[in-house]
Amino acid sequence: MAEMGGKGVSAGKIASNMQKKLTRAQEKVLQKLGKADETKDEQFEQCVQNFNKQLTEGSKLQKDLRTYLASVKAMHDASKKLTECLQEVYEPEWARRDDANKIAENSDLLWTDYHQKLVDQALLTMDTYLGQFPDIKSRIAKRGRKLVDYDSARHHFESLQSAKKKDEAKIAKAEEELLKSQKVFEEMNADLQEELPSLWNSRVGFYVNTFQSIAGLEENFHKEMSKLNQNLNDVMVDLEKEQGSVVTNTFPVKAQPSETSSEKVTKTPSLPSDGSPLTSPEAKPANHKPEEAPAAAITPSAPAAPATLGEVPTATLTKSPSQPVEEAPVSTEASGPETAATSASDAVQPKLDTTAPEPATATPQSSLPAVVVETFSATVNGTVESSAPANRTVMPPGFLYKVRAQHDYAATDGDELDLKAGDIVLVMEIDNPEEQDEGWLMGIKEGDWQQSKDLEQHRGVFPENFTEKVL
């Protein structure tokens, strides 16, 4: 992070730091343009790549472990509610009521103990493991800056030596600066060259211990929970034995009549052997008596099939005896003996009327609720209006997503945020992505943004692994 000090820093120190930043920026530009050589250390670069990979994997493992713990807590709550329900429905006079209550208490204690041990032996160990990464990452970044200072001092010294007019005083001072910057760089480089490989190798033992702890805790938990479940099953068996006769005869099951039962089939009017409907007097049997037709048509055991959506209702238009009888189309979706018989009954009954009633027009009635009919009509006519979009909170420029602080974090520099567990932070794009250290995010607390909208005063950087993404 920034090298500038806090309160009480002299103007000379600030000017010196600004000059260092300017010199480093110039040196980087020259190196990128190929006008100045850059000191390379491939072995160290490989160590840095391993460090970044290890940090990424550790952060993901920490996030997944927290998700696992949240799931255990949710399962604990669900199990507790279920056992509480059992205690409520278990009547006082039933056998082994005290045993059922004891099982419920032991189950709650077992879940609580399992969750707490996971926190102590896995999550806290994970937090300690990841706690060392921010400091090492800061030292790697500082080593990079000192390397640029060393290259810059070396180039300055070489340029003075190769000048036509040599100034021995300047050359001596440049050489002194070169030796000083070289010493600082080599000390930091030596420490990191030793620590980074050791840290990389430590990941194996850490992963082994973490997953062994989780596996052992889960195994013991399920063993103990299995015993409780077996005890609960024994309680239920004893209850069933005690209340056996009541349980057996409490809920008798009766077969529901089928739509194609023989009773309905025998009571519906018979159709001709060729399957044609009874649409005219000539199609009736020879021994048919007019007074018997209504009895068959109004038999109570053959109700008309209810209309369904998309089905065309059947309607017969009655005219004078001298005119042929016309029928409305019958839906092809209707099937089965009952439907066919109902259609036949509807066709027979009007033809027994010898009077000349007024022509009737069939008006199908919709069986849908009024609100469904209105909605359907509005949709067909194209009059459905979309709901107005919900009001949205104005976010700061460059807003990306929200995170919630999982742990407290005390800022160690002027451009960092102080975080308390539970704080919501609005993450934003950084102005210059090249200056952003890996694992650090730029943002502003949601409360500060809502109160003042002052980015310059309240925004800052914070460690990503102290937070969890919520949006």
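Predicted model: local features only at pLDDT ≥ 70, side-chain atom pairs only at ≥ 80, totals over all residues.
Me: At what angle do H4 and H5 pack?
Reply: Look at the axes (lines fitted to C-alpha atoms, for helices over the stretch in contact, with angles from 0 to 180 degrees between N-to-C directions). Those of H4 and H5 lie 8 Å apart. The angle between H4 and H5 is about 150°.

Me: Are H4 and H5 roughly parallel or roughly antiparallel to each other?
Reply: Use the cut-offs: under 35 degrees is roughly parallel, over 145 roughly antiparallel, 65 to 115 roughly perpendicular and the rest oblique. H4 and H5 pack at about 150°. They are therefore roughly antiparallel.

Me: How many charged residues are in the contact of H4 with H5?
Reply: Sort the residues by class (Ala, Val, Leu, Ile, Met, Phe, Trp, Tyr, Cys and Pro are nonpolar, Asp, Glu, Lys and Arg charged, and the others, Gly among them, polar). The contact of H4 with H5 has 17 nonpolar and five polar residues. Its charged residues number 11.

Me: How does H2 run beside H5, roughly parallel or roughly antiparallel?
Reply: The axes of H2 and H5, residues 168–242, come within 11 Å. They cross at roughly 15°. That angle makes H2, relative to H5, roughly parallel.

Me: How many nonpolar residues are in the contact of H2 with H5?
Reply: The crossing of H2 and H5 is left-handed. Their contact has seven polar and four charged residues. The nonpolar count in this contact is 19.

Me: How many nonpolar residues are in the contact of H3 with H5?
Reply: Six polar residues are in this contact of H3 with H5. Five charged residues are there too. The nonpolar residues number 18.

Me: Which strands stand at the edges of the sheet?
Reply: Five strands form an open antiparallel sheet, in the order E6-E5-E4-E3-E7. Each edge strand has a single partner strand, so one side is left without a neighbour in the sheet. The edge strands are E6 and E7.

Me: How many bridges join E3 to E4?
Reply: Two strands pair if DSSP finds at least two bridges between them. E3 covers residues 399–405 and E4 covers residues 424–428. They run antiparallel, and the number of bridges is five.

Me: Which residue is the bridge partner of Arg404 in E7?
Reply: Follow Arg404 to both sides. In E4, its bridge partner is Ile424, while Val403 stands opposite Val425. E3 and E7 pair antiparallel over three bridges. In E7, the bridge partner of Arg404 is Glu468.

Terms used: Residues numbered from 1 in each chain as written. Heavy atoms only, no water. Helix = DSSP H or I, 4+ residues; strand = E, 2+ residues; numbered from the N terminus. Left-handed = near helix turned anticlockwise from the far one by under 90°.
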